[in-house]
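Subject: The model, and what I found in it

Hi,

Here is the structure I promised to pass on.

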Amino acid sequence: MQPQVRGTEGYAAEADSLFVRYESIPSEQVHAAVLHLLPNTPARVLDIGAGTGRDAAWFAGLGHQVVAVEPTDALRVGAMRLHASPAITWIDDSLPELATLAARDEQFDLVMLTAVLMHLDEEQRRRALPNIAARIAPGGMLIMTLRHGPVPPGRRMFEIAAETIVEPARQLGLTLQLNRHGESLGAENRASGVTWTTLAFGKPS
């Protein structure tokens, strides 16, 4: 049995309820702030921390080829069953290293990190960002959401100020294209005061 990846605490035990929660909110709503930044022709998409596969399936449905990275077996296996698609390749890998993905030596037109980075502490984020940036193809885009608010029991999460991501990303050659703060779509998170920051970065061609 493989050791649990730090940051995934609580997800396996709650997998069944998470499928219900996550799949109940359409990807178009979750990513409304960045719809204008998404590729409008078939592209290569990397979804890091793909969870239940909701977004991976959405991108595949739009005609993209998707690599979905998810370290929690209960989520990845369930997602593969729920969203079976030849356009989605599932990989058991995790931040900060993304070692399996790095060995494939692929780059992507769009890299997504939806509700992922808050599971890494400051040192892990410092290590992760160059590994994430390395997976973005020239002319590609990185889109991420940062969670703010109380941490649910049994979870490992950290508060992240947007500027602590924006400046390191700039040093990695990424250009900020969007920085937007908004409330949660999910009723449970909204009731507990959870909010989100959406950041989008471009990588020069």
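Below is what I found, starting with the overall layout and then moving to single residues.

First, how to read it. This is a predicted model, in which local features need pLDDT of at least 70 and side-chain atom pairs count only at pLDDT 80 or more, while totals for chains, interfaces and linings use all residues. Residues are numbered from 1 along each chain as its sequence is written, and side-chain values use heavy atoms, with hydrogens and water left out.

**The overall layout**

The chain's secondary structure comes to eight helices and seven strands; helices (H or I, at least four residues) and strands (E, at least two) are DSSP runs, numbered from the N terminus. Of its 205 residues, 49% count as buried. Here buried means under 20% relative accessible area, exposed means over 50%, and partly exposed lies in between, with a 1.4 Å probe and protein chains only. Among contacts in the chain with a separation of 6 or more, 69% are between residues 24 or more positions apart; a contact means heavy atoms within 4.5 Å.

**The sheet**

The seven strands form an open sheet with mixed pairing, in the order S3-S2-S1-S4-S5-S7-S6. Two strands pair if DSSP finds at least two bridges between them. The edges are strand S3 (88-91) and strand S6 (175-183), each of which pairs on one side only. From one strand to the next, the twist averages 15 degrees. For angles, axes are lines fitted to C-alpha atoms (for helices, over the stretch in contact), and values run from 0 to 180 degrees between N-to-C directions.

You can see both pairings at Val45, which stands opposite Leu110 in S4 and opposite Val66 in S2. Four of the five residues of S1 are buried, so this strand is largely enclosed by the rest of the structure.

**Helices**

Helix H6 (residues 122-133) packs on the sheet and touches S1, S4 and strand S5 (136-148), and its direction makes about 145 degrees with that of S5. Helix H7 (residues 163-171) also packs on the sheet, touching S5, S6 and strand S7 (195-202), and its direction makes about 10 degrees with that of S7.

Helix H3 (residues 54-61) is mostly covered, with six of its eight residues buried. Those six are Arg54, Asp55, Ala56, Trp58, Phe59 and Ala60. Just after H3, Gly63 takes a positive phi of about 100 degrees.

**Backbone details in the loops**

The loop between S3 and helix H5 (99-104) holds Pro96, and the peptide bond from Leu95 to Pro96 is cis, with omega near 10 degrees. Leu98 is found in that loop between S3 and H5 as well. Although Leu98 is not a glycine, it has a positive phi of about 50 degrees, and it is buried, with a relative accessible area of 1%.

Ala115, in the loop between S4 and H6, is another residue other than glycine with a positive phi, near 55 degrees. At 24% relative accessibility, Ala115 counts as partly exposed.

**Phe201**

Phe201 is found in strand S7 and counts as buried at 1% relative accessibility. Leaving out residues up to four places away in sequence, Phe201 touches a list of residues that includes Met141, Met144, Ile165, Ala169 and Leu176. The C-alpha atoms of Phe201 and Gly173 are separated by 9.5 Å, and the two residues are 28 apart along the chain.

**One cavity**

A search of the whole structure finds one cavity of 30 Å³ or more, and the space in the largest cavity is about 30 Å³. A cavity is a set of points, on a 1 Å grid over the protein atoms alone, where a 1.4 Å probe fits but cannot get out; lining residues have an atom within 4 Å of a point. Grid points are joined across faces, edges and corners, and a volume is the space filled by probe spheres set on the points. Val30, His31, Ala33, Val34, Ile143, Thr145 and Thr198 line the largest cavity. By class, the lining has four nonpolar residues, three polar and no charged. Nonpolar covers Ala, Val, Leu, Ile, Met, Phe, Trp, Tyr, Cys and Pro; charged covers Asp, Glu, Lys and Arg; the others, Gly among them, are polar.

Best wishes

How values were computed
1 Å grid on protein atoms, 1.4 Å probe; cavity = no way out; pocket = protein on both sides within 12 Å on 5 of 7 lines; lining within 4 Å.
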